[in-house]
Amino acid sequence: MAGNWKMYKTPAETRAFFEKFRPLVQDAADRQIVICPPFTNLAAAVEAAAGSRIEIGAQDLFWMKEGAYTGEVSGPMLAALGCRWVIVGHSERRQYFGETDETVLKKTVAALDAGLTPIVCVGERLEEREAGRTEAVLLEQFRIGISGLTPEQFARIVIAYEPVWAIGTGRTATPEVAAAAHRFLRAQARERYGEQAAARLRILYGGSVKPDNIKGLMAQEEIDGVLVGGASLDPLSFAAIVLY
Ligand code: PGA
């Protein structure tokens, strides 16, 4: 159950969130909880989550370890800070910052090299869905962005299916629509990496996940977890989602 805070909250707001959120989820021993704040809040989040079941992730990384890359942050830097996870290839990064399936693959490998678990995001845009191209888009994202991984690398990633038309729009994919996309992605995983790897793969759904639709989504066998944007900013609503 992962929260993507996007470009929200200061360090003080981060500490305030954890103060409320931590006790609410302390007994949720059967699920993994990840929160991905902006870079500037990672240190505060790692400190505030210490000793709890909550793990911290970043929202992006660069693929080089260090160097003259003004403004960038590397996997080893995130790991040294205490991050365990990192989101890669979120649609907002693809839309506003020129990320492509090629850079997604490089970043995924860099994350794995640093010992981080990448949450690799895929998903179609509205016009692609309306043109009946959802599977073609997912196939392309999988082929170029993911299938270059070795089986060992693939075993350590998590995929997030986030239909772009459902992100921040209040327009969630129905559980059935989400499950169909998950099934398609798992079939690609099976074809490339085999039955066992596909069965073990965790696929999260993301896009307007809220406390009132989480149950229906998680009732789908194909949906292993969720990546939550807006509703992860509030400790009560994210706790309700985590504990669904
Ligand atoms: P949302 O965002 O829950 O606000 O729709 C999801 C995401 O972008 O990861």
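**The chain as a whole**

The structure is a predicted model, and the values given below were computed from its atoms. The chain contains twelve helices and eight strands. Its C-alpha atoms fill a box of roughly 45 × 45 × 35 Å when the box is taken along the principal axes. A compact globule with 244 residues would have a radius of gyration near 18 Å, and the chain, with 17 Å, agrees with that expectation. Of the 244 residues, 51% are buried, where buried means a relative accessible area under 20%.

| Pair | Angle between axes | Distance between axes |
|---|---|---|
| H1 (residues 11-25) and H2 (residues 42-49) | about 25° | 9 Å |
| H1 and H12 (residues 235-243) | roughly 25° | within 9 Å |
| H5 (residues 101-113) and H7 (residues 134-145) | about 45° | 8 Å |

For the pair formed by H1 and H2, the angle of about 25° can be compared with the cut-off, since angles under 35 degrees count as roughly parallel. H1 and H2 are therefore roughly parallel to each other, and their crossing is right-handed. On the side of H1, the residues that meet the partner helix are Pro11, Thr14, Arg15, Phe18 and Arg22, while H2 contributes Ala44, Ala45, Ala48 and Ala49. Sorted by class, the contact of H1 with H2 has six nonpolar residues, one polar residue and two charged residues.

Helix H1 also packs with helix H12, and here the axes cross at roughly 25°. H1 and H12 are therefore roughly parallel to each other, and the crossing of H1 and H12 is right-handed. In this contact H1 uses Phe17, Lys20, Phe21, Leu24 and Val25, whereas H12 brings Pro235, Leu236, Phe238, Ala239, Val242 and Leu243. The residues of the contact of H1 with H12 divide into ten nonpolar, no polar and one charged.

The pair formed by H5 and H7 packs at an angle of about 45°, and H5 and H7 are therefore oblique to each other. The crossing of H5 and H7 is right-handed. The contact is made by Asp101, Glu102, Val104 and Leu105 of H5, together with Glu140, Gln141, Ile144 and Gly145 of H7. By class, the residues of the contact of H5 with H7 are three nonpolar, two polar and three charged.

**A buried residue in a strand**

Val120 is found in strand S5, which covers residues 117-122. With a relative accessibility of 1%, Val120 counts as buried, because the cut-off for a buried residue is a relative accessible area under 20%. Leaving aside residues up to four places away in sequence, Val120 touches Val88, Val104, Thr108, Ile146, Ile157, Val158, Ile159 and Ala160. One of these, Val104, belongs to the residues of H5 that make the contact with H7. Val120 and Leu204 are 84 residues apart in sequence, and their C-alpha atoms are 9.6 Å apart in space.

**Residues in loops**

Gly67 lies in the loop between strand S3 (54-58) and helix H3 (75-81). At 57% relative accessibility, Gly67 counts as exposed, because a residue is called exposed when its relative accessible area is over 50%. Gly67 and Gly148 are 81 residues apart in sequence, and the distance between them, C-alpha to C-alpha, is 25 Å.

The loop between strand S1 (2-4) and H1 holds Lys6, and Lys9 is found in the loop between S1 and H1 as well. Phi of Lys6 is near 55°, which is a positive value in a residue other than glycine. For Lys9, phi is near 85°, again a positive value in a residue other than glycine. Lys9 is partly exposed, with a relative accessible area of 23%.

Note on methods
Residues numbered from 1 in each chain as written. Predicted model: local features only at pLDDT ≥ 70, side-chain atom pairs only at ≥ 80, totals over all residues. Heavy atoms only, no water. Axes fitted to C-alpha atoms, helices over the stretch in contact; angles between N-to-C directions. Helix = DSSP H or I, 4+ residues; strand = E, 2+ residues; numbered from the N terminus. Parallel < 35°, antiparallel > 145°, perpendicular 65-115°, else oblique. Left-handed = near helix turned anticlockwise from the far one by under 90°. Contact = heavy atoms within 4.5 Å. Nonpolar A, V, L, I, M, F, W, Y, C, P; charged D, E, K, R; others polar. Rg over C-alpha atoms; globule rule 2.2 N^0.38 Å. Buried < 20%, exposed > 50% of the residue type's maximum accessible area, 1.4 Å probe, protein only.
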